[in-house]
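Student: Could we go through this model together, one question at a time?
Tutor: Gladly; here it is.

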Amino acid sequence: MPVELTGTYLTLDDGRPAVRFTRTYDHPIDRVWRFVTDPDELEQWFPFRAEMELRPGGTVRFTGPDTPEFTGRMLALAPPRHLSFEWGGSVLRFDLEALDDQRTRFTLTDVLSEADIAARNGAGWEVCLAALDAKARGERFEDPHAGVNAPWKEFYAGYLDAGVPSGAPVQGLD
């Protein structure tokens, strides 16, 4: 069964490849801001627990049960509208826009270190954002990161079928 892809592969004005996802949440902007900055909130949908020094140049510390700790650097911060930080070799940008008092447009842009990770990362964000979508609706989402029932492989196949660049190693498939 084909999956519905919500990400878009694009080339930014500076030539860097990226995948972008946009959602609208029925929450005020301050609530959505906590989804992306509070470590306890992030841990429920993001691939790792992320503890951030919320200042430009601050350290972002990523931890997870099966991954060695690593760090990134806060690149830009404009609460509650923008946050960007280094994540591995990529840059993650979160842009929030209040549509009214109770709705917020959420945009995640993963600025990629290499184009060949686009399909892999796109599939991963589909699973993570499904967990965030459920959280925003007040639903429980079991194991958003890689549970055996997570449709990651289906999303990956969908991105490959859509012609999104691939070729980077994929743990468990290579």
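**A threonine and its partners**

Tutor: The side chains of Thr-109 and Arg-20 are joined by a polar contact of 2.8 Å (N or O atoms within 3.5 Å; within protein, one able to donate a hydrogen and the other to accept it, and residues adjacent in sequence count only if both atoms are side-chain atoms). This is a predicted model, where local features need pLDDT of at least 70, side-chain atom pairs count only at pLDDT 80 or more, and totals for chains, interfaces and linings use all residues. Residues are numbered from 1 along each chain as its sequence is written, and side-chain values use heavy atoms, leaving out hydrogens and water.

Student: Is Thr-109 buried or exposed?
Tutor: Buried means under 20% relative accessible area, exposed over 50%, and partly exposed in between (1.4 Å probe, protein chains only). Thr-109 has a relative accessible area of 1%, so Thr-109 is buried.

Student: How are the rings of Phe-46 and Trp-87 arranged?
Tutor: A search of the whole structure finds 18 aromatic pairs. Rings of Phe, Tyr and Trp (its six-membered ring) pair if their centres lie within 6.5 Å, with planes under 30 degrees apart counted as stacked, over 60 as edge-to-face and the rest as tilted. For Phe-46 and Trp-87 the centres are 6.0 Å apart and the planes at 55°, so the pair is tilted.

Student: Which of the two is at 13% relative accessibility?
Tutor: Phe-46 is buried, with a relative accessible area of 0%. The residue at 13%, which also counts as buried, is Trp-87.
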